[in-house]
Amino acid sequence: MSAITLQIDDKEVRVEEGATVLEAARSAGISIPTLCHREDLAPFGGCRVCVVEAEAHGSTRLVASCVHPVEEGLVVRTRSERVDRTRKTLIELLLAHAPDSPALRELAREHGADADRFEKEASFCIHCGLCVMYCAEVKKKNAIGFVDRGTRKEICFIPEIAAKECNDCKECFPLCPTSYLQAAFVLTEALAFPSRSPERA
Ligand code: SF4
Ligand code: FES
């Protein structure tokens, strides 16, 4: 693989081809906030909190740095008026869905986001994908998946798999930035495999 040279916040950075902008920034000690990124999982690009400005071929775009690949001569700005404003709005929108999420509240505090800017539409799951990816990639069980699309998209435990695998695992619970995952599991357990529920044993 060949090396790529790009510029991040006026710093020249050299990384292997195929790296993401987030990886390049981190290799140069430049910090970009993330919510749905984990180094042990393939990039998913669910939250967009890692937004940066990327300038190439005469145009500048906002991109999610955890999924955007580096390219020769790319110019990246991790902080600009536009980046800061966009990130703040994204956090505010996510907080409308999960107002009590400690991870989101912390991000709001760090980035000056107003937790009450948007009317609450608490759906709790913010579709970060961490539970789905972790179960598929690390545990290789696929006990959770996304169903539906757009505004109807939600995560769902697959009862046949969850009944066998989840009680002794639950490793995804602490990854969820909201309270939704645990609630979804309890509901699945109660409806789909009540005999395994400790309350009913
Ligand atoms: S349930 Fe939690 S971990 Fe899973 S996608 Fe929703 S917010 Fe992310
Ligand atoms: S951290 Fe990049 S999209 Fe969530």
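Q: Which residues of helix H4 (residues 130–138) are buried in this predicted model?
A: In this predicted model, the buried residues of helix H4 are Leu130, Cys131, Val132, Met133, Tyr134 and Cys135.

Q: What covers the buried residues of H4?
A: The cover includes strand E6 (144–147), strand E7 (154–157) and helix H6 (180–192). Just after H4, Lys140 takes a positive phi of about 55°.

Q: Where does Cys50 lie, and with which residues is Cys50 in contact once its neighbours within four places in sequence are left aside?
A: Cys50 lies in the loop between H1 and E3, and, with those sequence neighbours left aside, Cys50 is in contact with Ile32, Pro33, Thr34, Val63, Ala64, Ser65, Cys66 and Arg87. Gln182, by comparison, is 132 residues from Cys50 in sequence and 26 Å from it in space, C-alpha to C-alpha.

Q: What makes Cys66 count as buried?
A: The relative accessibility of Cys66 is 3%, and the cut-off for a buried residue is under 20%, so Cys66 is buried.

Q: How many disulfides does a search of the whole structure find?
A: The search finds zero disulfides, although Cys50 and Cys66 are in contact.

Q: Why is E3 described as largely enclosed by the rest of the structure?
A: E3 is described in this way because five of its six residues are buried.

Q: How do you know that E3 and E4 pair, and in which sense?
A: Two strands pair if there are at least two bridges between them, and E3 and E4 have six bridges, so the two strands pair, in the antiparallel sense. Within this pairing Glu53 stands opposite Leu62 in E4, while the bridge partner of Val52 in E4 is Val63. The hairpin of E3 and E4 has two residues between the strands, and in this hairpin His57 takes a positive phi near 55°.

Q: What makes E3 and strand E5 (residues 75–77) a pair?
A: These strands have three bridges in the antiparallel sense, and at least two are needed, so E3 and E5 also count as paired. Here the bridge partner of Glu53 in E5 is Arg77.

Q: Which residues of the largest nonpolar core touch the most other members?
A: Of the 23 residues in this core, Leu6, Ile8 and Val70 touch the most other members. The elements giving two or more residues to this core are strand E1 (3–8), strand E2 (11–16), helix H1 (21–27), strand E3 (51–56) and strand E4 (59–64), and the largest share, four residues, comes from H1. With neighbours within four places in sequence left aside, Ile8 is in contact with Val13, Val21, Ala24, Ala25, Ile30, Val76 and Thr78. Apart from this core lies another, of 20 residues, among them Cys36, Leu41, Ile126 and Leu175.

Key
Residues are numbered from 1 along each chain as its sequence is written. Chains are lettered from A and ligands numbered from 1 in the order in which they are written. This is a predicted model: local features need pLDDT of at least 70, side-chain atom pairs count only at pLDDT 80 or more; totals for chains, interfaces and linings use all residues. Side-chain values use heavy atoms; hydrogens and water are left out. A nonpolar core is a set of buried Ala, Val, Leu, Ile, Met, Phe, Trp, Tyr and Cys residues joined through side-chain atoms within 4.5 Å. Buried means under 20% relative accessible area, exposed over 50%, partly exposed in between (1.4 Å probe, protein chains only). Contact means heavy atoms within 4.5 Å. A disulfide is a pair of cysteine sulfur atoms within 2.5 Å.
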